[in-house]
Structure formats: structure tokens, C-alpha cells
Amino acid sequence: MSEEELAKAMEGLGLEEGDSEGNILPIMQSIMQNLLSKDVLYPSLKEITEKYPEWLRSHRDTLPEEQFEKYQEQHSIMGKICQQFEAEQATDSDAEQKARFEMVLDLMQQLQDLGHPPKELAGESLFSLFFLLNNYIHGRWWGHLGIVHGMLGPQGNKMSDKGNSADGKTDIANGSLSSSPEEMSGAEEGRETSSGIEVEASDLSLSLTGDDVGPNRTSTESRDTDTESSGEEKDSDSMDDTGHYSINEENRAHDRSHSDEEEEEEEEEEQRSRRRAQRKRANHDQDSSDDERALEDWVASETTALPRPRWQAVRALRGRELGSSSRFVYEACGARVFVQRFHLQHGLEGHGGCVNTLHFNQRGTWLASGSDDLKVVVWDWVRRQPVLEFESGHKSNVFQAKFLPNSGDSTLAMCARDGQVRVAELSATQCCRNTKRVAQHKGASHKLALEPDSPCTFLSAGEDAVVFTIDLRQDRPASKLVVTKEKEKKVGLYTIYVNPANTHQFAVGGRDQFVRIYDQRKIDENENNGVLKKFCPHHLVNSESKANITCLVYSHDGSDLLASYNDEDIYLFNSSHSDGAEYVKRYKGHRNNATVKGVNFYGPKSEFVVSGSDCGHIFLWEKSSCQIVQFMEGDKGGVVNCLEPHPHLPVLATSGLDHDVKIWAPTAEAPTELAGLKEVIKKNKRERDEDSLHHTDLFDSHMLWFLMHHLRQRRHHRRRREPGATDGDSDESPSSSDTSDDEEEGPDRVQCMPS
């Protein structure tokens with residue numbers, strides 16, 4: 001650690017330049033060099049390093065896995081420190097000594113970051129060293145100089161005489177220190193208790209008469225003063241004939257007694273401090289143990305063994321052969337045994353940015369994907385090749401691209417960060433004739449809601465809190481349906497979904513904790529802001545955590561409504577329940593914080609719940625039991641956002657921060673063993689709990705994130721708009737190079753923005 005780094009660490013002490021206490025910098029550095037010297041540290045550390053393997057073996061079964069790994073790492077670092085000391089030679093140069101000190105200090109800091117070693121191995125001395133090292137690293141020196149001598153005990157006389165200076169010792173008056181704390185302590189004790197301590201009278205500059213006088217006159221006047229005052233009371237202090245200021249026996253005994261009392265008080269205070277530190281460590285260890293035990297219990301409750309599945313493959317196959325089961329594939333898609341055998345089949349590569357949306361056509365033969373690269377690709381996912389690729393006409397990240405039902409796969413509806421809702425007309429010759437803007441939100445539009453059987457109508461929602469109903473048969477397709485409000489405040493929307501069993505009803509979610517259900521036939525904004533009913537987990541109604549709904553979806557028959565909350569859990573509501581009803585199921589273990597996660601049902605009867613996670617894994621829960629039945633490693637980029645089940649087959653498509661689409665099918669030879677699940681769940685839980693202590697609004701931070709990326713990725717040169725170029729905000733734009741010219745005038749693209 002350099003002088004500059006030490007100075008920065010000392011800023012909290014308030015020591016201004018020129019203060020006499022400023023000498024603490026070289027003092028503490030000298031102390032730390034001695035504490036980390038071979039003579040002091042190596043014997044104890046070597047002994048612990050040799051005992052550690054046996055201790056680890058004997059405690060392997062009683063320690064939590066994470067704590068055991070920390071102890072293993074501690075043992076490894078201790079071995080590296082011992083190697084540094086064993087390489088030390090008496091002929092080492094000052095530069096080599098300094099480099100070794102820096103290395104040992106760095107390793108000790110790594111050791112300290114892993115927590116205290118087992119107390120039965122380390123003992124009090126190493127615990128105290130860890131405590132002092134922590135204060136050294138963080139600049140908290142005060143009150144601990146006395147610990148140095150007390151914690152080392154008999155080892156203090158073993159300290160190396162090597163210091164920063166050539167002779168290893170320094171003079172306090174000259175701004176440095178004896179290299180041994182015992183020598184320092186002994187010197188200070190001697191000044192107070194030994195009759196041999198003398199201070200030159202000339203250094204005292206005594207003036208008894210108010211005039212400046214020299215040593216001789218001081219001595220004479222001192223004697224005269226003593227004589228004059230002898231009748232009343234003898235001075236305890238006097239000057240001898242040699243010109244030295246001395247202390248008589250009576251005062252010396254009093255000072256010695258007073259000094260002894262002070263030392264006893266200091267020792268008692270030091271012992272009390274040590275006991276307090278031990279109690280704190282014990283309490284901390286107890287708290288950590290309790291937290292770890294509670295976490296283990298919670299994880300165990302989330303991963304308990306499941307009952308035997310009701311659907312049996314052999315029995316179902318026999319029934320199909322006998323003609324008694326005509327719904328084999330339909331039932332197999334919702335079978336747990338197939339979900340537990342999901343395995344990655346292949347990836348579809350063709351995008352140059354994060355893939356934000358996936359959607360199968362009605363027959364399940366094609367898969368549409370949209371990306372930050374502003375392109376939409378239609379895939380023949382079985383043959384792993386694109387059928388069609390075109391520019392979307394959007395100016396910023398494409399968030400959704402969906403085939404309109406019963407349109408012969410000829411119409412795709414799209415929405416994006418630029419707030420536009422566009423429709424692409426696809427031809428039978430596998431090309432896109434054009435894309436047309438049909439609505440414009442004043443904020444980003446994240447989701448579209450299709451009406452199950454309608455090729456002409458759908459809904460869109462935006463961060464401007466507006467829901468548009470769009471009818472492609474009209475000259476002006478978009479009309480404002482409702483503005484979502486809580487009292488008089490607009491609520492930006494991130495998700496919308498139409499009830500498949502009652503297409504007049506739709507649900508929305510966004511920048512607050514409420515799921516709102518509307519009925520298009522009964523919207524009266526003067527009555528309850530047009531809301532039919534609202535749902536919210538009761539513990540989030542008045543929560544300070546600013547919960548947000550990142551995605552919601554109805555089940556296959558509209559009876560259930562699933563909502564995923566930002567950095568919270570996934571909740572299932574019964575859509576037929578009355579206004580304000582509590583959730584009926586809760587799904588835990590994943591983490592939804594870094595991006596806006598999608599959530600979906602899987603299975604023909606919505607038998608499972610599927611979600612991505614910040615940890616890069618895909619979680620599948622059994623809807624009825626809330627138990628995790630599948631756990632797969634998704635994107636290498638670390639986050640999975642989109643999950644699209646195939647409409648007829650046991651196939652799942654996923655995407656996220658990676659630039660490809662992944663296809664999963666139940667082809668594994670054996671069911672999953674959920675390897676590593678508990679550790680991932682624990683990690684997600686800890687990170688979420690830590691973040692909740694200093695919670696900030698996710699979407700405010702997303703806006704800052706967006707602005708930073710926007711500034712960083714600004715183009716240095718923009719093309720000038722050429723005469724006759726198509727305006728990107730016009731109603732129509734051909735899917736050609738003209739569209740890309742138009743994009744140059746729009747907002748810069750931002751890759752992998754949390755949507």
C-alpha cells in the first residue's frame with residue numbers, strides 16, 4: 001500500500017497536514033510490516049495450515065457447502081502466504097522485501113475477505129490480527145495501538161528489526177518509530193516510571209520570572225525559589241546542579257502509582273473490548289448460522305420430493321395402440337415425465353442483437369423472432385433455417401412480433417421501444433411487401449394482446465399508460481380504449497393479455513403492484529377508472545419496495561392469471577375471484593431483476609409455469625404443487641427473458657441476452673436430477689435480500705442505463721436525409737434499404753437494454 005493510498009485511507013480521521021498526529025501513517029505502516037513479518041506471523045500460520053486439512057475432513061458433514069468452500073479457500077491462501085515467507089532470504093534487497101510485504105498484505109486481505117478462520121484453529125492472536133488488519137485496510141486505526149502489544153504477548157520480542165529505515169528504528173521526535181512495538185511501549189513506560197529519564201532544561205525553556213533566561217539563571221532561581229518556599233511546602237520538582245530537571249522520590253512514587261493505575265485501567269478496558277469483540281463474533285456467527293439454517297429449510301421446502309405422476313407413458317402407449325386413447329400427444333405435452341427430460345436441441349442463429357420476442361404460428365410450423373437489431377426473422381425451426389427475414393421499420397428495439405390468428409400466416413403485428421405499433425404484410429413468395437404503422441404510443445410499447453380467433457383486431461399497451469384497440473379493417477385502425485390510472489396518476493404499462501375464454505376482458509400490468517382487469521363493454525373512466533377488478537398479493541399492497549409487474553398471462557381456459565413481479569415471486573390469481581382477492585399459488589426460486597422477465601404457462605391445460613431468471617437458468621414449476629420440476633441452463637449471456645411453448649408439441653423455444661433462439665425438447669435419456677438447483681436458489685435468494693436493503697426503483701435505473709448506453713453508442717456521423725427518402729414516422733415503409741435510411745434519423749439502437 002503506497003503512502004498516497006494510506007493517506008486516502010486516513011482521510012476519515014480528520015488529521016490535517018501539520019498535525020502532530022500525522023505521524024500515524026508511518027507508525028501504522030511500520031506496525032503492519034512487523035505484524036506481517038515472518039518472525040511473527042509464519043509460526044502460527046504454518047501450524048494452522050498443517051492442521052487445517054484434518055479439521056476440514058472432520059467437519060465436512062456438519063458445515064454448509066458454501067462455508068466449507070470458504071474454509072478450503074482460506075487454507076489455500078494460507079499456504080500461499082507460507083510459501084512467501086519460506087522464500088525469504090537474509091540477503092533480500094529492500095525492493096524484494098517491500099514486494100514481499102505487498103504480496104503478503106494482499107493475500108491477508110483476501111484471507112480477511114473470507115471471514116474468520118475456525119476459532120479452534122486460529123486462537124485469539126490470529127483473530128486479533130484479522131481485526132487489526134480489517135481496520136488497517138479500511139483506515140480505522142484509532143484505539144487499536146494497544147492491541148498490538150496485548151495480542152502478541154510473548155511473541156512481541158520476536159519481531160523483526162527490519163523496517164522502512166536502514167537501521168529498522170526511528171525516533172518519534174523525527175516522525176517515525178522504533179520497529180518493535182515493545183520497544184516503543186518500553187520507552188514510553190520508562191519515561192513515566194524510571195528515575196533514569198531526564199529532559200534537558202534547555203529544551204524546556206522555563207521562565208519563572210516572566211523573562212527569557214538561560215539554563216544557569218534558571219537553575220539559580222530555581223534553587224532560590226525552593227529556599228523561599230521551604231517554610232511552607234517543598235516543591236516536588238527541582239533542578240540539580242548539572243542543569244538537568246529531575247523528579248524526587250516522593251513524586252516519583254506517586255507517578256509510578258498513578259501510572260500503574262492507568263495501566264491497570266487500560267488493561268481492564270482492553271480485556272473488556274476483547275470480550276465485547278468475542279461476544280459480537282459469537283452473535284454474528286450465531287446469526288449467520290441461524291440465517292443459513294433458515295435458508296436451508298426454505299430451499300428444502302421448495303425442492304421436496306413429488307408424488308408419482310398420474311400420466312404413465314407405457315400405459316398411455318398401450319391405450320393408443322388399442323384405440324382407447326386418441327389424445328396421446330395432447331396428454332404427453334402436459335406430462336411431467338416429458339418436462340423433466342427437456343434437453344437443448346439446437347440454436348437458431350441469425351440476429352445481431354438480443355432476441356426479445358418469440359411466437360409460433362397457429363400450426364406450429366414457423367417461429368417469428370424479433371431483436372435489438374431491428375429485424376424480424378421467420379424460422380422453419382425444424383430445419384433450422386430462416387424462411388423470411390426483413391427490416392421491421394422500427395427505429396429502436398423490437399419488443400414483440402406476433403402472427404395474427406386465422407390470417408394464413410400473412411400478417412405480423414409488431415411493437416417496439418419507439419412506441420410504434422406496426423403491421424407487416426407477408427407474401428406467399430416468402431418476402432415482406434411492406435410494414436405499416438397503425439398506432440403510436442408516447443412511450444415504449446412492450447406487449448401486444450391478440451384476440452384468439454380474430455385476424456383483424458388486437459390490443460397494444462405502452463409506457464404512456466394507454467391501451468389501444470386496433471382494427472385493421474378501419475381507415476384509422478387505432479382508437480384509445482383506456483388510460484390506466486391509480487387515482488389521478490397514470491400507470492405505465494409493460495404487459496397486456498386478452499382472456500381467451502372471454503375476449504371482452506383483458507388484463508394489464510406495469511409500474512405498480514396491481515393486476516387490473518377491464519371489460520371493453522363496461523369501461524367508464526369516471527367509475528373506478530374503468531377497472532373491473534384488481535388483484536395484488538396482500539403483502540405488496542402497501543409495500544415500500546415499489547413492486548412492478550413485468551409480465552402477466554392467462555391460462556388456456558382463462559380461469560387463472562399469472563403475474564411475475566420485479567425482484568419478487570410469481571403469483572397465480574383465480575380470475576373469477578372478486579376484487580382484491582389474494583393470490584392462490586406462489587412460485588419461488590428464480591430472480592427477476594436485471595431485465596423485464598417474461599412468464600408463461602406450459603402444457604395444453606396450463607399444467608406448468610415457466611420463467612427465465614437473472615442467473616441464466618430456465619425454471620419450470622408444476623402449477624398445482626408449486627414445486628420446481630425442471631431447471632435448465634439457458635443463455636450464456638446470463639439472462640433468459642422469452643419463453644414460448646409450441647401450440648401442439650412438447651417443445652419450448654427460449655431467448656434472452658444471447659443473439660440466438662434455443663429449441664428444447666424432451667429427448668434426454670433420464671429425467672433431470674436438478675443438479676446445482678439448491679445452490680442457485682440460495683444465491684438468488686441472498687442477492688435479492690441484499691438488494692432489498694438498498695432498493696431503488698428498477699425502471700428509474702433502467703432509464704439511466706438506457707441514457708448511458710444511448711450516449712456511449714451515439715453515431716459520430718449521421719447520414720443526411722436524402723430527397724425522397726421515406727419518413728420513418730409515415731404510415732407505410734417498404735421493407736427495403738429505404739427503411740434503413742429512415743432509421744438513421746431515429747433514436748440510436750441500444751443493445752440488450754432491460755426492456
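A residue is called buried when its relative accessible area is under 20%, exposed when that area is over 50%, and partly exposed in between, using a 1.4 Å probe and the protein chains only. The structure discussed here is a predicted model, in which local features need pLDDT of at least 70 and side-chain atom pairs count only at pLDDT 80 or more, while totals for chains, interfaces and linings use all residues. Residues are numbered from 1 along each chain as its sequence is written, and side-chain values use heavy atoms, with hydrogens and water left out.

**The protein as a whole**

- The secondary structure comes to 17 helices and 34 strands, where helices (H or I, at least four residues) and strands (E, at least two) are DSSP runs numbered from the N terminus.
- Of the 755 residues of the protein, 47% count as buried.
- The protein exposes about 38,200 Å², of which carbon and sulfur atoms supply 46%; such areas come from the Shrake-Rupley method with a 1.4 Å probe, and for residues only the protein chains shown count as cover.
- If contact is taken to mean heavy atoms within 4.5 Å, then among contacts between residues at least 6 apart in sequence, 57% join residues at least 24 apart.

**Helix α4**

- Helix α4 covers residues 65–86, and its 22 residues should span 32 Å at 1.5 Å a residue, which agrees with the 32 Å between its end C-alpha atoms; the expected span is 1.5 Å times one less than the number of residues.
- The buried residues in α4 are Phe68, Tyr71, Gln74, Ile77, Met78, Gly79, Ile81, Cys82 and Phe85.

- Strand β5 (residues 355–360) is mostly covered, since six of its six residues are buried.
- Five bridges join β5 to strand β6 (residues 367–371), and the two run antiparallel; two strands pair if DSSP finds at least two bridges between them.
- Within this pairing, Leu358 has Ser369 in β6 as its bridge partner.
- The two strands β5 and β6 form a hairpin with six residues between them, and Gly364 in the turn has a positive phi of about 85 degrees.

**The sheet from β23 to β26**

- Four strands make an open sheet in the order β23-β24-β25-β26, with antiparallel pairing.
- At the edges stand β23 (549–554) and β26 (585–587), each with a single partner strand, so one side of each is left without a neighbour in the sheet.
- From one strand to the next, the twist averages 20 degrees; the axes behind such angles are lines fitted to C-alpha atoms, for helices over the stretch in contact, and the angles run from 0 to 180 degrees between N-to-C directions.
- Five bridges join β23 to strand β24 (residues 560–565), and Leu552 has Ala563 in β24 as its bridge partner.
- In a regular strand the side chains alternate between the two faces of the sheet.

- Arg384 lies in the loop between β7 (375–380) and β8 (385–391), where its phi is near 65 degrees, a positive value in a residue other than glycine; at 52% relative accessibility, Arg384 counts as exposed.
- Asp567 lies in the loop between β24 and β25 (570–574) and has a positive phi of about 50 degrees although it is not a glycine; at 13% relative accessibility, Asp567 counts as buried.
- Ser606 is found in the loop between β27 (599–602) and β28 (608–612) and is buried, with a relative accessible area of 3%.
- Leaving aside neighbours within four places in sequence, Ser606 is in contact with Ser555, His556, Phe601 and Lys623.

**Aromatic rings**

- Rings of Phe, Tyr and Trp (its six-membered ring) pair if their centres lie within 6.5 Å, and planes under 30 degrees apart count as stacked, over 60 as edge-to-face and the rest as tilted.
- By this rule the count comes to 15 aromatic pairs.
- Tyr565 and Tyr571 have ring centres 5.5 Å apart and planes at 85 degrees, so the pair is edge-to-face; Tyr565 is buried at 0% relative accessibility, and Tyr571 is buried at 0% relative accessibility.
- Phe619 and Trp621 have ring centres 5.8 Å apart and planes at 20 degrees, so the pair is stacked; Phe619 is buried with a relative accessible area of 0%, and Trp621 is buried with a relative accessible area of 0%.
- One aromatic cluster is formed by Tyr587, Phe619, Trp621 and Phe631.
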